[in-house]
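Here's a friendly walk through one protein chain, meant for someone seeing it for the first time. Have a look at the sequence and the fold, and then we'll go through them piece by piece.

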Amino acid sequence: MPEVSIVISAYRRAPLLAVTLESIKAQRFPGAEIIIVEDGDDGGATALLAGQYGARYFQRCNRPDVPYANCAPLLNKGIREARGEIVILQNAEVRHESPDVIARLVVPHRICRHRAIFASVQMLDPGGCPWYWGSHPVHAGPSPYFYCGSVRRENLLAIGGLDEDFKYWGAEDDDLALRLRMAGMDFVFDADAVVSHQWHPP
């Protein structure tokens, strides 16, 4: 059984996801399971990528008339299907920059079972240039975003995963962080686990 499962939610992100998966492939951490949960159908491009990179693929629905809500149902599906004790939740467009992102998000869990560990996010503009580097500004608060962060699967299940009652974009991931903190989790922000949030249109 893998020690870690990387759960990626995807919605019409195949070109960016390809870059993300290539960056995960280059990581110095063997045996990580990759789970991709797609919302809707993009003509098979995301499913094809999953096969090319040995990822487990799940599809939430196959109805192009259903509008995107948020990542909660997708990530919850991935958490339920995960075989690893440690789950890394991340967006499809988040590229791993340093070669040991996975290791830095996983190894501290071997010491303490009640932690959430967040990578340092580098935001890219439309030209691919960084416009912000470091922990996301909201990381200083009680409920950071899960651009790329890790939690033990047992802790995610204990609080019921993400709240699927949220509608439209946002709020579901920082709500998850807030409930983890309320459950007594320690938060760790690793400035050396660097990832880039690739720019994408709304």
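How many bridges join strand 2 to strand 3, and do they run parallel or antiparallel? There are four bridges, and the two strands run parallel.

A quick word on the ground rules. This is a predicted model, where local features need pLDDT of at least 70 and side-chain atom pairs count only at pLDDT 80 or more, while totals for chains, interfaces and linings use all residues. Residues are numbered from 1 along each chain as its sequence is written, and side-chain values use heavy atoms, with hydrogens and water left out.

**Strand 2 and its neighbours**

Helices (H or I, at least four residues) and strands (E, at least two) are DSSP runs, numbered from the N terminus. Two strands count as paired if DSSP finds at least two bridges between them. Strand 2 pairs with strand 1 as well, in the parallel sense and over six bridges. For a couple of landmarks, look for Ile 6, whose bridge partner in strand 2 is Ile 34, and for Glu 38, whose bridge partner in strand 3 is Gln 59.

How does the chain get between these strands? From strand 1 it crosses through helix 1 to strand 2, in a right-handed β-α-β crossover. Right-handed here means that, with the strands pointing away from the viewer, the path from the first strand over the helix to the second runs clockwise. Strand 2, helix 2 and strand 3 make a right-handed β-α-β unit too.

Strand 2 is mostly covered, with six of its six residues buried. Buried means under 20% relative accessible area, exposed means over 50%, and partly exposed is in between (1.4 Å probe, protein chains only). In a regular strand the side chains alternate between the two faces of the sheet. Here Glu 33, Ile 35 and Val 37 point one way, and Ile 34, Ile 36 and Glu 38 point the other way.

**The nonpolar cores**

A nonpolar core is a set of buried Ala, Val, Leu, Ile, Met, Phe, Trp, Tyr and Cys residues joined through side-chain atoms within 4.5 Å. The largest one has 31 residues, and the members touching the most others are Ile 8, Ile 36, Ile 88 and Ile 102. Elements that each supply at least two residues of this core include strand 1 (4-10), helix 1 (14-25), strand 2 (33-38) and strand 4 (86-91). Helix 4 gives the largest share, five residues. Apart from this core lies another one of 23 residues, among them Val 7, Val 37, Val 87 and Leu 89.

Contact means heavy atoms within 4.5 Å. Leaving out residues up to four places away in sequence, Ile 36 touches, among others, Ile 8, Leu 17, Leu 21, Ala 50 and Phe 58.

**Salt bridges**

A salt bridge is a side-chain nitrogen of Lys or Arg within 4 Å of a carboxyl oxygen of Asp or Glu. By this rule the count comes to 13. Here are some of them:

| Pair | N to O distance |
|---|---|
| Arg 56 and Glu 81 | 3.4 Å |
| Arg 104 and Asp 100 | 3.9 Å |
| Asp 192 and Arg 104 | 3.7 Å |

Asp 192 lies in strand 9 and Arg 104 in helix 4, so this pair ties together parts that are 88 residues apart in sequence. Asp 192 is partly exposed at 48% relative accessibility, and Arg 104 is partly exposed at 28%. Elsewhere, salt bridges that share partners join Glu 33, Arg 56, Lys 77, Glu 81 and Arg 83 into one network.

Helix 3 is mostly covered: seven of its 10 residues are buried, including Leu 74, Leu 75 and Ile 79. What covers these buried residues includes strand 1, strand 2, strand 4, helix 5 (153-158) and helix 6 (172-182).

Over in helix 1 you'll find Thr 20. Is Thr 20 buried or exposed? Thr 20 counts as buried, at 0% relative accessibility. Its side chain reaches the backbone oxygen of Ala 92 at 2.6 Å. Not counting residues up to four places away in sequence, Thr 20 also touches Gln 90, Glu 93 and Gln 198, among others.

Note on methods: A polar contact is a pair of N or O atoms within 3.5 Å; within protein, one must be able to donate a hydrogen and the other to accept it, and residues adjacent in sequence count only if both atoms are side-chain atoms.
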